[in-house]
Amino acid sequence: LRRAHQPAIVFTEYRDTVRRLAAGLADLHPIELHGGLTGSERRRALRDFREGDAGLLLATDAASEGLNLQHRCRLVVNLEVPWTPTRLEQRIGRVDRFGQSGRVHAVQLVAAGSGEEAIASRLFDRMRVSSQRFMQPLRQRSATLAIALAETEAERLRYARALLGAEPERVPVDRPVLAFARAHGTSRHCTWAFRLPVVDEDGHFVFE
């Protein structure tokens with residue numbers, strides 16, 4: 001956190017851990033956010049983090065939902081890896097959301113050689129499977145949509161070419177066109193010709 005030189009959020013599951021972290025990182029002037037705070041205290045803590053000089057928010061999962069912190073920071077540290085992929089996504093989602101202008105970095109700290117290592121392994125396996133199951137239908141839908149759009153564009157081009165091939169030779173566009181048509185008798189009638197480009201709903205030129 002000291003090397004990062006940027007605002008960050010550290011998530012932990014327990015309120016006691018938040019307090020211990022706050023004591024160990026006192027020189028970073030952290031702000032605490034957990035379920036033991038009143039509503040007004042939580043609002044004040046969030047306001048101080050968003051608008052004040054504090055660059056570190058220490059939070060339990062009480063802050064993992066409904067908070068928009070993407071304009072303040074892009075670094076999330078998970079001191080304990082949560083049990084479910086959903087909870088992990090909720091934590092990271094506090095900064096990885098619409099309006100975020102930088103690349104989001106999420107760090108998961110796992111104690112080597114502990115039971116937490118096995119939990120983290122299962123968690124990341126579940127996340128990978130979930131991602132694959134979600135992305136595969138999405139890729140299939142994207143491919144189907146791309147084919148449909150390509151077919152529509154090909155039909156438009158066929159239609160445009162047919163119209164262009166059937167039209168007479170175009171008149172010069174560097175001067176106005178004025179033609180006289182002889183009618184019955186000796187009176188003259190003036191006929192104006194206007195150049196009119198026709199485009200489809202997507203703005204593509206069709207004919208003129």
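Colleague: Which residue forms a salt bridge with Arg 91, and how far apart are the closest N and O atoms?

Modeller: A salt bridge is read from the distance between a side-chain nitrogen of Lys or Arg and a carboxyl oxygen of Asp or Glu, with a cut-off of 4 Å. In this predicted model, the partner of Arg 91 is Asp 61, and their closest N and O atoms lie 2.7 Å apart. The pair links distant parts of the chain, since Arg 91 belongs to helix α3 and Asp 61 to the loop between β3 and β4, 30 residues apart.

Colleague: Are Arg 91 and Asp 61 buried or exposed?

Modeller: A residue counts as buried when its relative accessible area is under 20%. Arg 91, at 1%, is therefore buried, and Asp 61, at 17%, is buried as well. Asp 61 and Arg 91 also belong, with Arg 87, to a network of salt bridges.

Colleague: How many salt bridges are counted in total?

Modeller: The count comes to four. One of the salt bridges joins Arg 2 to Asp 27, with 2.9 Å between the closest N and O atoms. Arg 2 lies in the segment before β1 and Asp 27 in the loop between α1 and β2, so this pair ties together parts that are 25 residues apart in sequence. Arg 2 is partly exposed, at 47% relative accessibility, and Asp 27 is partly exposed at 46%.

Colleague: What separates Arg 19 and Asp 16 in helix α1?

Modeller: These two residues are three apart in helix α1, so about one helical turn separates them. Arg 19 counts as partly exposed, at 41%, whereas Asp 16 is exposed, at 58%.

Colleague: Which residues of the largest nonpolar core touch the most other members?

Modeller: A nonpolar core is traced through the contacts among its buried members. The largest has 16 residues, of which Ile 9, Leu 33, Phe 49, Leu 57 and Leu 69 touch the most other members. Elements β1, β2, α2 and β3 each supply at least two residues, and α2 gives the largest share, three. Beyond its neighbours within four places in sequence, Leu 57 is in contact with residues including Ile 9, Leu 33, Phe 49 and Leu 69. A second, separate core of ten residues includes Leu 21, Ala 22, Leu 56 and Leu 75.

Colleague: Where is confidence lowest, and where is it highest?

Modeller: The mean pLDDT is lowest in strand β6 (residues 178–182), at 58, and highest in β1, at 94. Over the chain the mean is 78, and 76% of the residues reach 70 or more.

Notes
Residues numbered from 1 in each chain as written. Predicted model: local features only at pLDDT ≥ 70, side-chain atom pairs only at ≥ 80, totals over all residues. Heavy atoms only, no water. pLDDT = per-residue confidence, 0-100. Helix = DSSP H or I, 4+ residues; strand = E, 2+ residues; numbered from the N terminus. Core = buried A, V, L, I, M, F, W, Y, C linked by side-chain atoms within 4.5 Å. Buried < 20%, exposed > 50% of the residue type's maximum accessible area, 1.4 Å probe, protein only. Contact = heavy atoms within 4.5 Å.
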